[in-house]
Amino acid sequence: MSDVRFSCDCGTLKGVLHDAVPAKVCHLVCYCKDCRAFARHMGQAAHLQPGGGSPLVQVLPARIDITEGADRIACLRLSPKGLHRWYASCCNTPLANTVGSPKMPLAGMWRGLFEQTEPFGPVVTNGFTKHALREPGAPKRDKGILRMLSGLIGRAVPAWISGIARQSPFFDDAGQPVAQPEVLALSARKTLYED
């Protein structure tokens with residue numbers, strides 16, 4: 001088993017991702033406008049990949065162990081129906097993206113959190129590249145989408161069978177978010193989407 005430590009930028013929130021091997025994660029870059037807007041809102045635009053891609057590691061939430069600073073977990077939604085985007089309130093470091101319920105065992109963790117990224121292997125998926133910024137180094141087409149989806153199913157099904165699917169540091173035992181999601185105001189969203 002390979003464990004990889006992670007922390008927010010200021011070091012207040014720390015944790016460990018268990019089972020961090022290529023067969024158990026999906027190392028990807030998401031070029032959707034929402035992920036880019038979230039990175040900008042958190043002051044992390046400098047960490048975006050060429051084309052404005054957000055570097056993520058898709059994992060099973062039950063494998064995420066917050067060891068310090070769990071009280072700093074905060075949540076933002078870019079719209080009333082948007083993903084739950086978790087971050088460390090102490091320094092605005094993105095943590096992970098999830099759907100609004102632990103029923104779907106999926107968390108896209110911000111790659112910049114991790115001390116090491118080698119255990120994840122190379123990036124295998126580029127998604128939503130039609131929304132990539134047209135700049136040098138930007139990908140021209142998606143890759144690895146089927147691999148990402150099959151990996152998601154391959155992680156989710158055993159998690160449902162074993163009963164760990166609903167375990168998540170972002171939701172309590174009743175399935176409620178551990179922090180009240182804040183919905184970003186429309187006026188604040190507009191500037192984040194200007195490319």
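What is the order of the strands in the open sheet of 3 strands? It is 1-2-5, with antiparallel pairing. This is a predicted model, numbered from 1 along each chain as its sequence is written, and local features need pLDDT of at least 70, side-chain atom pairs count only at pLDDT 80 or more, and totals for chains, interfaces and linings use all residues. Side-chain values use heavy atoms, with hydrogens and water left out.

View A. Strand 1 (4-7) and strand 5 (64-68) sit at the edges, each pairing on one side only (strands are DSSP runs of E, at least two residues, numbered from the N terminus; two strands pair if DSSP finds at least two bridges between them). From one strand to the next, the twist averages 30° (axes are lines fitted to C-alpha atoms, and angles run from 0 to 180 degrees between N-to-C directions).

**View B. Strand 1 against strand 2.** Here 4 bridges join strand 1 to strand 2 (residues 14-17), and the two run antiparallel. Look for Arg5: its bridge partner in strand 2 is Val16.

**View C. Helix 2, residues 145-162.** Its buried residues (under 20% relative accessible area; exposed is over 50%, with a 1.4 Å probe and protein chains only) are Met148, Leu152, Arg155, Ala156 and Ala159. Seen down the helix 2 axis, they fall within an arc of 100° (taken from the directions from the axis to the C-beta atoms), so they line one face of the helix. Leu146, Arg147, Ile153 and Ile161 are exposed on the other side.

**View D. What follows helix 2.** Gly163 comes after helix 2, and its phi is positive, near 90°.

Terms used:
The expected span of a helix is 1.5 Å times one less than its number of residues.
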